[in-house]
Amino acid sequence: MEPFMKIKSIVTPLDKVNVDTDQIVPKQFLKLIQRTGFGQYLFYDWRYEQGGIPRKDFILNDPAYKNSKILLARDNFGCGSSREHAVWALDDFGFKVIISTSFADIFYNNCFKNGILPIRVSDEILQKLFSTKSEIEVDLEDQIIMVNNTPISFDIEPHWKKILLEGLDDIAMTLQHESQIAKYERSHKT
Amino acid sequence: MSKTLFEKIWDSHIVVDEDGRSLLYVDRHLIHEVTSPQAFDGLRLNARKVRRPDLTFATMDHNVPTSDRSLPILDQTSSVQIKALERNCKEFGITLFDIHSPNQGIVHVIGPELGITLPGTTIVCGDSHTSTHGAFGSLAFGIGTSDVEHVLATQCIMMEKPKTFEIKIQGKRKNPHAVTAKDIIMSIIRKIGTAGGTGTVIEYRGDTISELTMEQRMTICNMSIEAGARAGLIAPDEKTYQYLKGRKYTPNNYDELVNDWRDNLKTDSGAKFDKSFTLSAENIAPQVSWGTNPAMTDDVTGSIPFPDEYGKGNPEEVKGATKALQYMDLKPGTPIVNIVIDRVFIGSCTNARLGDLIEASKVVQGKKVSSKVRAMVVPGSQLVKKNAEEMGLDKIFKDAGFEWRESGCSMCLGMNPDILAAGERCASTSNRNFEGRQGSGGRTHLVSPVMAAAAAINGHFVDVRELDLN
């Protein structure tokens, strides 16, 4: 995994609560057996009319947000299905940071496994970010979101911070515990 | 020190604690065709093996057709995914219940049916409805594909310890044939919300839960994820031990294990939960979802709400409800029993077990599906199908005009040819009413099997408490 660097970008405000992973990637695109190329299917049913014509009223089709790397979302983002394809699609589309008041558990984990930083903030801060038109900067090392020269700090679990910053392979990390795993297996009944 | 059931299972599976997280041992890993191919690719890329193929079981359920299994699969992309699973299981030595196996079925139906699911164990699967297995007192949860790869390679999962959430359900349902386990769990989600359980493992407790059959308990635990919970748990009891006895993969030392479970697998009196919620079962009515998430649900006797009233002053919720009603093409104030439906789906890991089909067949027997409705039954597994056929249930459904299908996830998520057309309205026994879930533009109303069966006959929702179901 690539180490996570500072991200500076305008934000894409997706003003909707309870966005489920069925919306992030509809099921018809889950049949691919690779991890790549899912960006074109991101929010497919919201992005396109029947027949593949982009919907003018959907935020991702607004050219103003074309190079945005930061997605602003509302409460309970990523709920529902465990499909990691949702995170692969966000990543492939170009989003590296997602900011919301809350995330669904499985989605939250899946983000870190793919080098995406999900940040939880208060209602008040989210509201402020939703009204920001200028670029913001996310600095994971210092745990700071810089908005119009005002720093806003955020919390993050230390292990996830380390994994993102160093781009670690978590399977290799677990395999370092091989002797403990083997010991556990010897004493375990079921 | 007093511990909850969850804490006991958690503590007994810790391999090592590190940085505020625990490396937990995984007792059973279930895999299917949709969320595993990239995980196997990852193993190959890094020249890693499957650590415990003997603890890993695979089936194909998500995208398999439910029509004649002797015919080739027409959808090429589905076929590629199914073949990839066959190849991967062969290469890594994993037991696979393939499309022609008598043990094939929805992964959360076959796990318990085959005795792979056991009390006190940890179970993971790349599917959010893994919470179903919690009905047996196992700590079971869904994971993403990266974690599937992690478990394949290490037989462990690294996790932060979730909080505990006690949900107590007490009292007798007035009509247990009409007010089902589905109505209980939908009532809970309606009250605590789709994020009410986020970050927690729910333990369902109380006399109402004790009275439920194992299949009904699975329906409850299955939808824990719809309340945002990592997992749902029910302490095992004699019904649990009886259910698992003599199944295909039930261990040889089963009686010895049961003795141990009887002593240990319960929440100690005096143990504290981080959160609690209590529900009385006495006044629960049959539930019908009206919106685009499972908390947007009302009693069958209710009406479509006005968004302002539903949102209770929260502008985001008001907006959400407005958008949901637009998508569902429903007007506030419409009585739920006036909603006319086009399709009926009885199936899914929530409600496609033998008991579900028996209950639904009582509504259907001797009647005909409304001429305006297309209705189908998709048994949860080949074994459920076989048992149902031995009881003659297939004949009851077919005589009434239902389609009787092969097992799979089918129209719960519409990855196979069983989908809703845009604008079609479906009474469905599945678990999610998200936009487009059952087909792009399709409209889903979540209900119990008896409610779905009655809607099929009448062409609209009816209060099944008015029917004689005994």
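Helices α3 and α5 of chain B are among the elements that cover the buried residues of α2(B). Those buried residues are B:Pro37, B:Gln38, B:Ala39, B:Phe40 and B:Gly42. The model is predicted. In this model α2 (37-45), α3 (76-92) and α5 (145-154) of chain B also each supply at least two residues of the side that touches chain A.

**Where the chains meet**

- The contact takes 57 residues from chain B and 43 residues from chain A.
- On the chain B side, α5(B) gives the largest share, 6 residues.
- Other elements of chain B that each supply at least two residues include β1 (14-18), β2 (21-25), β8 (156-159) and α12 (315-328).
- The chain B side divides into 18 nonpolar, 27 polar and 12 charged residues.
- After α2(B) comes B:Ala47, with a positive phi near 50°.

**Chain A in outline**

- Chain A holds 8 helices and 8 strands.
- Its C-alpha trace spans about 60 × 45 × 25 Å along the principal axes.
- Of the 190 residues in chain A, 42% are buried.
- Take the contacts in chain A with a separation of 6 or more: 67% of them join residues 24 or more positions apart.

**A sheet in chain A**

- Four strands of chain A form an open sheet in the order β1-β6-β7-β8, with antiparallel pairing.
- β1 (7-9) and β8 (150-153) of chain A are the edge strands, and each pairs on one side only.
- On average, neighbouring strands of this sheet are turned by 20° against each other, direction ignored.
- β7 (residues 144-147) of chain A pairs with β8(A) over 4 bridges, in the antiparallel sense.
- Within the sheet, A:Val147 stands opposite A:Thr150 of β8(A).
- Strands of a sheet pair through backbone hydrogen bonds, in a parallel or an antiparallel way.

**A covered strand in chain B**

- β7 (residues 139-142) of chain B is covered on both faces.
- B:Leu139 and B:Phe141 lie on one side, B:Ala140 and B:Gly142 on the other, and all are buried.
- In a regular strand, side chains alternate between the two faces of the sheet.
- β6 (residues 122-125) of chain B runs parallel to β7(B), and 4 bridges join them.
- B:Thr122 stands opposite B:Leu139 of β7(B).

**The largest nonpolar core**

- This core has 191 residues.
- The residues with the most contacts inside it are B:Val344, B:Met451, B:Ala452, B:Ala453 and B:Ala455.
- Helix α16 (residues 449-458) of chain B gives the most to the core, 8 residues.
- Leaving aside neighbours within four places in sequence, B:Ala452 touches B:Val344, B:Ile346, B:Ala360, B:Ala427, B:Ser428, B:Thr429 and B:Val447.

**Helix α13 of chain B**

- α13 (residues 354-364) of chain B is mostly covered, with 8 of its 11 residues buried.
- The buried residues include the nonpolar B:Leu354, B:Leu357, B:Ala360, B:Val363 and B:Val364.
- B:Asp356, B:Glu359 and B:Ser361 are buried as well.
- B:Gly366 follows α13(B), and its phi is positive, near 75°.

Terms used. Residues numbered from 1 in each chain as written. Chains lettered and ligands numbered in written order. Predicted model: local features only at pLDDT ≥ 70, side-chain atom pairs only at ≥ 80, totals over all residues. Pairing = 2+ DSSP bridges. Axes fitted to C-alpha atoms, helices over the stretch in contact; angles between N-to-C directions. Contact = placed C-beta atoms within 7 Å. Core = buried A, V, L, I, M, F, W, Y, C linked by C-beta atoms within 7 Å. Buried ≥ 20, exposed ≤ 12 C-beta atoms within 10 Å, placed from the backbone.
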